[in-house]
Amino acid sequence: MILNANCKINFGLDVLIRRPDGYHDLETVMFPVLGLYDVVEVERTDGTGAEFVLEGLVVDCSAEDNICLKAFRLMHDRYGVDGVRIRLDKRVPFGAGLGGGSSDGTMVLVALNEIFSLGLSEAELIGCAAELGSDTAFFVRNTPQLCKGRGEQMTPVELNFGGMLLVVVKPDEGVSTREAYSGAVPHVPEVSLGERLKLPLEQWQGVVTNDFEKHILLAHPAIREAKERLLTAGAVYASMSGSGSAVFGLFRGDADEGLLRAISPYVFRL
């Protein structure tokens, strides 16, 4: 079974409170970017355990720590699945706040559910995905969602960017989750993110904000410059995605695609 494990971007990200368990309650809108994806292939074998093959981009973790194998082990322990070969063709930049790894893990869950005829419901898949990480549950639905808590509390949202161009820029440097959260100051805004997103898109800049941006852009000039480059090129809205380091911009449909591709190879029509 072959699945495209697409990435996501975040429209707004509010760090609300630090919880007793050490995690933070967030509010953010996750939006799937279908044109930028890893390829995950899962097939049954006659053996036991899981064979894992990594192709494409070299990731910064050992094979045993890869989320694809974590997903297999979760399903093995809970549902008894066994004997699989997992091939990951890595294309989505990592350390970017794009959720590529989270998407990979979730697609392994989805594939194992199908291949082994487990018949898991959406709620059960979301529960499994939430055990793998904070962004993983989103990819079970893979449609625009207002996400709360650690990302597992989801409400569908209507976002219409039809005909617009999305440009994703990945600076050479990355940002760790630890760095992102260490500089964030939890607070509950007077106007919720859901309400702010109801404003016209032209009013989003400076209002639909990412709480990680303030300190990350100060510490990483390359990320700040990438965002400024998008705004200078005419982006209606530009922001950092998740914990970074990727930034993205939304452009009107008649924008010069050639100019945009000179900024980044990741240009998609929504």
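Gly105, Thr106, Leu109 and Asn113 in α2 meet Leu125, Cys128, Ala129 and Leu132 in α3. Keep in mind that this is a predicted model.

- Helix α2 covers residues 100-115 and helix α3 covers residues 122-132; the two pack at an angle of about 145°, and their axes are 10 Å apart.
- Look at the handedness and you'll find that α2 and α3 make a right-handed crossing.
- Helix α1 (residues 67-79) also packs on α2, here at an angle of about 35° with the axes 8 Å apart.
- The crossing of α1 and α2 is right-handed too.
- On the α1 side, that contact is made by Ile67, Cys68, Ala71, Phe72 and Met75. On the α2 side, the residues are Gly101, Ser102, Asp104, Gly105, Val108, Leu109, Leu112 and Asn113.
- Gly105, Leu109 and Asn113 of α2 turn up in the contact with α3 and also in the contact with α1.

**Helix α8 and its buried side**

- The buried residues in α8 include Ile223, Ala226, Lys227 and Leu230. These residues sit on the same side of α8, because they cover an arc of only 95° around the axis.
- The general rule behind such a pattern is that an α-helix has 3.6 residues a turn, so residues three or four places apart point the same way.
- What lies over the buried residues of α8? The cover includes strands β7 (165-169), β8 (237-240) and β9 (247-251), along with helices α7 (213-219) and α9 (257-263).
- Just past the end of α8 comes glycine 234, with a positive phi of about 110°.

**Lys8 and Asn10, a polar pair in β1**

- Lysine 8 is part of strand β1, residues 2-18, and asparagine 10 is in strand β1 as well.
- Is lysine 8 buried or exposed? Lysine 8 counts as buried, because its relative accessibility is 1% and the cut-off for buried is under 20%.
- Asparagine 10 is buried as well, with a relative accessible area of 2%.
- The side chains of lysine 8 and asparagine 10 make a polar contact at 2.5 Å.
- Setting aside residues up to four places away in sequence, asparagine 10 touches Thr28, Val29, Met30, Gly97, Met240, Ser241, Gly242 and Phe248.
- Lysine 8, with neighbours within four places left out, is in contact with residues including Met30, Phe31, Pro32, Val33, Gly97, Leu98 and Gly99. Its contacts also include Asp135, Phe138, Phe139, Ser241 and Gly242.

**His187 in its loop**

- You'll find histidine 187 in the loop between α5 (177-182) and α6 (193-196).
- Histidine 187 is partly exposed, at a relative accessible area of 36%.
- Beyond its neighbours within four places in sequence, histidine 187 is in contact with Val15, Leu16 and Asp211.
- A polar atom of the histidine 187 side chain lies 3.3 Å from the backbone oxygen of valine 185.
- If you were wondering about aspartate 104, it is 31 Å from histidine 187 in space, C-alpha to C-alpha, and 83 residues away in sequence.

**Backbone spots worth a look**

- As background, most residues other than glycine have a negative phi, and most peptide bonds are trans.
- Serine 117 is not a glycine, yet has a positive phi of about 50°. This residue is in the loop between α2 and α3, and at 64% relative accessibility serine 117 counts as exposed.
- Asparagine 142 also has a positive phi, about 60°, without being a glycine. Its place is the loop between α4 (138-141) and β5 (145-149).
- Which residues does the cis peptide bond join? The bond is between glycine 244 and serine 245, with omega about 20°; serine 245 is in the loop between β8 and β9.

Terms used
Residues are numbered from 1 along each chain as its sequence is written. This is a predicted model: local features need pLDDT of at least 70, side-chain atom pairs count only at pLDDT 80 or more; totals for chains, interfaces and linings use all residues. Side-chain values use heavy atoms; hydrogens and water are left out. Helices (H or I, at least four residues) and strands (E, at least two) are DSSP runs, numbered from the N terminus. Buried means under 20% relative accessible area, exposed over 50%, partly exposed in between (1.4 Å probe, protein chains only). Contact means heavy atoms within 4.5 Å. A polar contact is a pair of N or O atoms within 3.5 Å; within protein, one must be able to donate a hydrogen and the other to accept it, and residues adjacent in sequence count only if both atoms are side-chain atoms. The arc is that of the directions from the helix axis to the C-beta atoms. Axes are lines fitted to C-alpha atoms, for helices over the stretch in contact, and angles run from 0 to 180 degrees between N-to-C directions. A crossing is left-handed if the near helix is turned anticlockwise from the far one by less than a right angle, and right-handed if clockwise.
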